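Subject: Structure handover

Hello,

Here is the structure we talked about. Please load it first, then read the notes below.

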Amino acid sequence: MSTLRKVAILGGMRIPFARSNTAYAEASNQDMLTAAFKALVEKFNLKSELVGEVAAGAVIKHSRDWNLAREATLGCGLHPRTPAYDLQRACGTSLSAAMQLGYRIALGEIECAIAGGSDTASDVPLAYRTKLQRAVLRANRARSFGERVSPFLALRPRDFAPGTPGVVEPRTGLSMGEHTELMAKEWKIGRAEQDQLAFESHTKAAAAWKAGFFADLVVPFNGLASDNNVRADASLEKMAKLRTAYDKGPEGTLTAANSTPLTDGAGCVLLGSEEWAKARGLPVLAYLTHSVTAAVDYVGMAGPAEGLLMAPTYAVPQMLDRAGLKLQDFDIYEIHEAFAAQVLCTLKAWESEDYCRAKLKRGALGAIDRAKINPKGSSVALGHPFAATGARILAMLAKQLAERGSGRGLISICTAGGMGVTAILER
């Protein structure tokens, strides 16, 4: 095509986000993602519709979920000929899905698409230990009873204990929280600052729920009607009493209150061309206009190690340059709160002339009006099912822009593996 088409965000749906081992303790990723897809199909009257493409994924999933997006598609009421595929980019999964699908819409390859994600920290896969795994595989290859039995004779009782997945960085052995503690120390981000941001996240999220903002974005599931991590009664005094979670020493600053909880949930968004939306009488909430993904060398393979969750500091200025915008040219900033400290480190980096010159090869991006950041709360309060967070943010930001009638919003999501996924929505 000689020109690219606009990519419209038409709306989203999700199930309530639940702290792990609560309402969705026995729900699978497929259960949750199918429920979110069904809600979207019902909301936009897509029953038996042939959608151009569905893309979704999960970070923590069983081997049985190798075709998760397609299975959820087959179970949600769309036409069974609707194609689907899985992808995974940690916390940026569903935003990355929307970006990839958006490219296809822009190029005219498809007219509409659904991007989504699901994650559970409750229904985690249990893995064989290495010795038991090898014994099972050897026995499976055996041709006689003796050959099937012999691999197990060398095993000890401890070899039968299942191993659970750990949420750590394979190359460092550190959890995301431990990495963020290092970032907080480097950027001198205190606990009081983190608690204040977390308190505001809960306050804004509770107010948004009370005002009905989420009424057409969230569908009840498994007896839960709203996000069960939001604390309307949150207080700085209560937060100050909590023990630190990752660094138990006097210099530790991250707690359960200023970090995202392990969360179960799923969400999705509907994208389409303007022509497809108009033909079906669907109002366009906002347009997906730009996106950039970047990564940092958090291992220190090519120089000093960088902060694990600092990649958005690289991605955002690249995106601003492509769009011809400044950091201050936005009405709303949706910055994923993996940890309160991560948000504060990112903001401080953009304001730092030294950092921007050394790392980004440019002048400082400057400060952001804090009142424009996460107006309806974010992940610390709402919860963070890894692969579903991007869909949540896209749907929330598009709705806010539609309610304003015009404007521009920036999305910034940090991910495991030292990556950052960013996008711009405009109306």
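A residue counts as buried when its relative accessible area is under 20%. Ser 201 has a relative accessible area of 1%, so Ser 201 is buried. Please keep in mind that this is a predicted model.

**Ser 201**

Ser 201 sits in helix H7, which covers residues 191-211. Leaving out residues up to four places away in sequence, Ser 201 touches Glu 337, Gly 377, Ser 378, Val 380 and Ala 381. Leu 382 is 181 residues from Ser 201 in sequence. In space, the two are 8.3 Å apart, C-alpha to C-alpha.

**Ser 175**

Ser 175 is in a loop. That loop runs between helix H5 (145-153) and helix H6 (176-186). Is Ser 175 buried or exposed? The relative accessible area of Ser 175 is 14%, which is under 20%, so Ser 175 is buried. With residues up to four places away in sequence set aside, Ser 175 touches Val 167, Val 168 and Tyr 246.

**Cysteines**

How many disulfides does the structure hold? The count is zero. Cys 76 is in no disulfide. For Cys 76, the nearest cysteine sulfur belongs to Cys 268, 8.3 Å away. A disulfide needs sulfur atoms within 2.5 Å. Cys 414 is likewise in no disulfide; the nearest cysteine sulfur is that of Cys 91, at 6.3 Å. Cys 76 has 5% relative accessibility and counts as buried. Cys 414 has 1% and also counts as buried.

**The chain as a whole**

The secondary structure comes to 14 helices and 10 strands. The radius of gyration is 22 Å, and the globule rule gives 22 Å for 427 residues, so the chain is as compact as a globular protein of that length. Along the principal axes, the C-alpha atoms fill a box of roughly 75 × 60 × 45 Å.

Of the 427 residues, 55% are buried. Take the contacts with a separation of 6 or more: 79% of them join residues 24 or more positions apart.

The accessible surface is about 18,500 Å². Carbon and sulfur atoms hold 52% of that surface. On charges, the chain has 50 positive and 43 negative. Their mean positions are 4 Å apart.

Best wishes

Note on methods
Residues are numbered from 1 along each chain as its sequence is written. This is a predicted model: local features need pLDDT of at least 70, side-chain atom pairs count only at pLDDT 80 or more; totals for chains, interfaces and linings use all residues. Side-chain values use heavy atoms; hydrogens and water are left out. Helices (H or I, at least four residues) and strands (E, at least two) are DSSP runs, numbered from the N terminus. The radius of gyration is taken over C-alpha atoms; the globule rule is 2.2 Å times the number of residues to the power 0.38. Buried means under 20% relative accessible area, exposed over 50%, partly exposed in between (1.4 Å probe, protein chains only). Contact means heavy atoms within 4.5 Å. Accessible areas come from the Shrake-Rupley method with a 1.4 Å probe; for residues, only the protein chains shown count as cover. Lys and Arg count as positive and Asp and Glu as negative; His and the chain ends are not counted. The place of a charge is taken as NZ of Lys, CZ of Arg, CG of Asp or CD of Glu.
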